[in-house]
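User: Pick one part of this model and walk me through it closely, please. I'd like to know what sits around it and how that links to the rest of the chain.

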Amino acid sequence: MMKKWILVSLLSLPFVVNAEPIELRAAGSLKNAMNDIVMAYQQVAQKDVHADFGPSGLLRMRIEDGEKVGVFASANMKHPLTLQSSGKGDNVVMFARNQMCALAQPNVNTDSEGLLAVMLDPNIRVGTSTPKADPSGDYAWKIFAKAGKLQAGAQTKLENKALQLTGGENSAKAPKGRNTYAWVMENKRADLFLTYCTNAVLAQKEVQDLQIVQMPEPLAVGANYGLIVLDDAQADAWKLAMFILSESGQSILADYGFDAPLKQ
């Protein structure tokens, strides 16, 4: 009887090993869409996924420091390409696109055409995410660089006045369940905040009187999102990556306002 019990126990061991979830790390701007993708994948594949979200640069650093991750979905191409070049993964795929917008307080009088003048107004506090730690901050700095080509001195003025309110290692965190940008604006920490258009839409759903202002064409900056499967990935991690790239995954991204380039 004892031998039979041992045999049954040994036969059950592979199921314990295979129960290890796929570890997904993804940009904070992907949280809502990626949570839906994970739920859909788990129903189809019967495989658990543990997802953690944050600024892409900080997530990349965690992977470089040895955190075991299966799939990394970044808000830019740079961070996954850096991991690829250091031998931590192979192919990097661009799986989604986004655009930068301005999120404005209701009392800020602006539109796309007048946005640069408002940003340069010394009485207007311009909020951004943190460059290098979070691609959204890098994209804001690209907007500033474009502004400098339109108006002498604009780049330096905007870089000097920008309040790096989110995305950094020590940035104040919104309460659980709150949209970061809605919380920042609700607490009047900025008059104008440069973020992804998808983030701006989610923020406006929480704080409905916020304005979403599209970037004028000369200041427009797009964001390409990159996906990589890491070399020490859990079993079946590549299947999750393929699901993100599939019609089902791309449709979910499109539903949240992303440009999904692989959607049929």
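Analyst: Let's start with L253. Leaving out neighbours within four places in sequence, L253 is in contact with L30, A33, I37, F95, A96, F258 and A260, where contact means heavy atoms within 4.5 Å. This is a predicted model, so local features need pLDDT of at least 70 and side-chain atom pairs count only at pLDDT 80 or more, while totals for chains, interfaces and linings use all residues. Residues are numbered from 1 along each chain as its sequence is written, and side-chain values use heavy atoms, with hydrogens and water left out.

L253 belongs to helix α11, residues 247-255; helices (H or I, at least four residues) and strands (E, at least two) are DSSP runs, numbered from the N terminus. With 0% relative accessibility, L253 counts as buried. The scale here is under 20% relative accessible area for buried, over 50% for exposed and partly exposed in between, using a 1.4 Å probe and protein chains only. For a sense of distance, the C-alpha atoms of L253 and G127 are separated by 26 Å, and the two residues are 126 apart along the chain.

F95 and Y225 form an edge-to-face aromatic pair, with 6.2 Å centre to centre and 90° between the planes. Rings of Phe, Tyr and Trp (its six-membered ring) pair if their centres lie within 6.5 Å; planes under 30 degrees apart are stacked, over 60 edge-to-face, and the rest tilted. F95 is in strand β4 (residues 89-104) and Y225 in strand β9 (residues 222-230), so this pair ties together parts that are 130 residues apart in sequence. Both F95 and Y225 are buried.

Now hop over to T195, which sits in strand β7 (residues 192-196). T195 is buried too, at a relative accessible area of 0%. Beyond four places in sequence, T195 touches Q99, M100, C101, S136, Y181 and A200. Its side chain also makes a polar contact of 3.1 Å with the side chain of N199. A polar contact is a pair of N or O atoms within 3.5 Å; within protein, one must be able to donate a hydrogen and the other to accept it, and residues adjacent in sequence count only if both atoms are side-chain atoms.

N199 and A200 bring us to helix α9 (residues 197-206), whose buried residues include C197, T198, N199, A200, L202 and A203. Among the elements covering those buried residues are α2 (31-45), β4, α8 (180-186), β7 and β8 (211-214).

Two loop residues are worth a glance as well. K188, in the loop between α8 and β7, has a positive phi near 55° without being a glycine, and at 52% relative accessibility K188 counts as exposed. D236, in the loop between β9 and α10 (237-245), has a positive phi of about 75° and isn't a glycine either. D236 counts as partly exposed, at 28% relative accessibility.

Stepping back, the protein chain has eleven helices and nine strands, and buried residues make up 48% of its 264 residues. Of the contacts with a separation of 6 or more, 75% are between residues 24 or more positions apart.
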